[in-house]
Amino acid sequence: AADLPPAASPSPDSLTPAGEVVAGTPPTSAAATGLTARALAAAGAADRAERKGKAAPLSAASSPRQKLAHAIEAATAGPRLWEAPRITQLKDNTGYGRQIYKVETGLSTYCLVVESNHALDGRDVIRDGINKKTVSCPIEF
């Protein structure tokens, strides 16, 4: 290793009364600055030689396509085990006025069908109440 001159100490006017160095005036010397510049130039030359003149690759999260894919995945992912279930009301196309709720939990997805009080199946709603059934969810088109 070459003999480097000792690092320059901070000048007395850049010290605070407590003897600390002021943030804007770091204690550097010309030799240390030149050594840093040569190290950075050597690292840049090695990087350019490794890439063979090609542009540096973008990180996976920096391209717009990757950002969109990540956002869609986050929006469509089901709730975690410790989160509340996500409940969505689906449209019933049968004309009976039933309500269908899609329930997504951390472990499963199922649908609840709440029958209409004016269904044509002859049930007595006053005596029996409105039936709720747990079913598999219909395929949405």
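Start by colouring the model by pLDDT: this is a predicted structure, and its confidence averages 74, with 69% of the residues scoring at least 70. Where pLDDT is low, the predicted coordinates should not be read in detail. Now compare the named elements. Strand β2, residues 99-104, has the highest confidence, at a mean of 91, while helix α3, residues 125-128, has the lowest, at 77.

**The whole chain**

You will pass 3 helices and 4 strands, in the order α-α-β-β-β-α-β. Of the 141 residues, 9% are buried. If you display contacts between residues at least 6 apart in sequence, 19% of them join residues at least 24 apart.

**Stop one: Asp 92**

Select Asp 92, in the loop that runs between β1 (86-90) and β2. Is this residue buried or exposed? Its relative accessibility is 18%, and since buried means under 20%, Asp 92 counts as buried.

Now show the neighbours. Leaving aside residues up to four places away in sequence, Asp 92 touches Gly 97, Arg 98 and Ile 100. Zoom in on Arg 98 and draw a distance from its backbone nitrogen to the side chain of Asp 92: a polar atom there lies 3.4 Å away. Ile 100, another residue that Asp 92 touches, falls within the 99-104 range of strand β2.

**Stop two: the disulfide**

How many disulfides does the model have? The count comes to 1, and this is the pair: the sulfur atoms of Cys 111 and Cys 137 sit 2.2 Å apart. The link joins distant parts of the chain, 26 residues apart. Cys 111 belongs to strand β3 (residues 109-114), whereas Cys 137 is in the segment after β4 (132-135). A disulfide is a covalent bond between the sulfur atoms of two cysteines.

Finally, bring the surface back and compare the two ends of the link. Cys 111 has a relative accessible area of 0%, so this end is buried. Cys 137 has 25% relative accessibility and therefore counts as partly exposed.

How values were computed. Residues numbered from 1 in each chain as written. Predicted model: local features only at pLDDT ≥ 70, side-chain atom pairs only at ≥ 80, totals over all residues. Heavy atoms only, no water. Helix = DSSP H or I, 4+ residues; strand = E, 2+ residues; numbered from the N terminus. Buried < 20%, exposed > 50% of the residue type's maximum accessible area, 1.4 Å probe, protein only. Contact = heavy atoms within 4.5 Å. pLDDT = per-residue confidence, 0-100. Polar contact = N/O pair within 3.5 Å; in protein donor to acceptor, adjacent residues only side chain to side chain. Disulfide = S-S within 2.5 Å.
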